[in-house]
Amino acid sequence: MKIITLCWCALMFQAGALRAQPAVSLSPASLAFGTQVAGSTSAPQTSVLTNTGNATLNITSISPPGSYFRATSCGATLAPGASCNLNISFSPSKAGVLNNALSITDDAPGSPHKVKVSGTGLLVGAGIAPTNLTFGTVPVGQASAGQKVTLTNQGTSTLTVTSIASTSD
């Protein structure tokens, strides 16, 4: 009786191991883009999608990770042992920490598979007030009364002032 039980378990294991199926590996499975100025696009980073299984991987969809991240796609199938590059870039339109995930829907166990992405959007900008100064009539050789102009950092990153100049009409 014990011999039959052991043989039955071994046959079940072998039958499961012989079944052909795709398997997905993502490397890396997460990408950190750091800080990026809003309105600009980062250099792409790559996550490699590999079919580590022994059957063709059928890809139903590769969904971009939200409106702040852009990604290239792979074909509809990936042969056993084959890979494709998922190039992802970060293009924030607002300030703050932005997290999401690229989602790959396919016929491999564990679908959908995800590549986590994160980045921080920065706003850059300076404000000046008032934008025009009126000095009225000033006799030649005399100085007018001083007027105040305020420069304000309206962004979320450091504002560096490299020079100040005035113009006249």
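How many bridges pair strand β1 with strand β3, and in which sense do the two strands run? In this predicted model, strand β1 (residues 24-27) and strand β3 (residues 45-51) are paired over four bridges in the antiparallel sense. Within this pairing, Ser 25 has Thr 50 of β3 as its bridge partner.

**Overall fold**

The secondary structure of the chain amounts to one helix and eleven strands, and, read along the sequence, the pattern is α-β-β-β-β-β-β-β-β-β-β-β. Of the 169 residues of the chain, 25% count as buried. Among the contacts between residues at least 6 apart in sequence, 65% join residues that are at least 24 apart.

**Strand pairing**

Strands of a sheet pair through backbone hydrogen bonds, and the pairing may be either parallel or antiparallel. Besides pairing with β1, strand β3 is joined to β7 by six bridges, and β3 and β7 run antiparallel; in this pairing Thr 46 stands opposite Asn 87 in β7.

An open sheet of five strands is arranged in the order β2-β9-β8-β4-β6, and its pairing is mixed. Strands β2 (30-37) and β6 (77-78) stand at the edges of this sheet, and because each has a single partner strand, one side of each is left without a neighbour in the sheet. Further inside the order, strand β8 (residues 96-106) and strand β9 (residues 113-122) run antiparallel and are joined by nine bridges, with Leu 98 standing opposite Gly 119 in β9.

| Strand pair | Bridges | Sense |
|---|---|---|
| β1 (residues 24-27) and β3 (residues 45-51) | four bridges | antiparallel |
| β3 and β7 | six bridges | antiparallel |
| β8 (residues 96-106) and β9 (residues 113-122) | nine bridges | antiparallel |

Leaving aside residues up to four places away in sequence, Thr 35 touches Thr 120 and Leu 122. Thr 35 and Gly 119 are 84 residues apart in sequence, yet their C-alpha atoms are 5.9 Å apart in space; Gly 119 is also the residue of β9 that Leu 98 stands opposite.

Asn 99 is found in strand β8 and is likewise exposed, with a relative accessible area of 56%. When residues up to four places away in sequence are not counted, Asn 99 touches Val 117 and Ser 118. Asn 99 and Tyr 68 are 31 residues apart in sequence, and the distance between them, C-alpha to C-alpha, is 9.2 Å.

**The disulfide**

Which cysteines form a disulfide, and how far apart are their sulfur atoms? The count for the model comes to one disulfide, formed by Cys 74 and Cys 84, whose sulfur atoms are 1.6 Å apart. Cys 74 lies in the loop between β5 (69-71) and β6, whereas Cys 84 lies in strand β7 (residues 83-90), ten residues apart. The link of Cys 74 and Cys 84 is right-handed, with 75° about the S-S bond. Both Cys 74 and Cys 84 are buried.

**Cis peptide bonds**

A cis peptide bond joins Ser 27 and Pro 28, where omega is about -5°, and Pro 28 has its place in the loop between β1 and β2. Another cis peptide bond joins Ala 129 and Pro 130, with omega about -10°; Pro 130 lies in the loop between β10 (126-129) and β11 (150-153).

**The largest pocket**

Rolling a probe the size of a water molecule over the atoms shows where empty space is left. In this model, the largest pocket holds about 500 Å³ of space. Its lining consists of 15 residues, of which Thr 131, Leu 133, Val 149, Ser 166 and Thr 167 lie nearest the centre of the pocket. By residue class, the lining of the largest pocket divides into eight nonpolar, six polar and one charged.

How values were computed: Residues are numbered from 1 along each chain as its sequence is written. This is a predicted model: local features need pLDDT of at least 70, side-chain atom pairs count only at pLDDT 80 or more; totals for chains, interfaces and linings use all residues. Side-chain values use heavy atoms; hydrogens and water are left out. Two strands pair if DSSP finds at least two bridges between them. On a 1 Å grid over the protein atoms alone, a cavity is a set of points where a 1.4 Å probe fits but cannot get out, and a pocket is an open set with protein on both sides within 12 Å along at least five of seven lines; lining residues have an atom within 4 Å of a point. Grid points are joined across faces, edges and corners, and a volume is the space filled by probe spheres set on the points. Ala, Val, Leu, Ile, Met, Phe, Trp, Tyr, Cys and Pro count as nonpolar, Asp, Glu, Lys and Arg as charged, and the others, Gly among them, as polar. A disulfide is a pair of cysteine sulfur atoms within 2.5 Å. Buried means under 20% relative accessible area, exposed over 50%, partly exposed in between (1.4 Å probe, protein chains only). Contact means heavy atoms within 4.5 Å.
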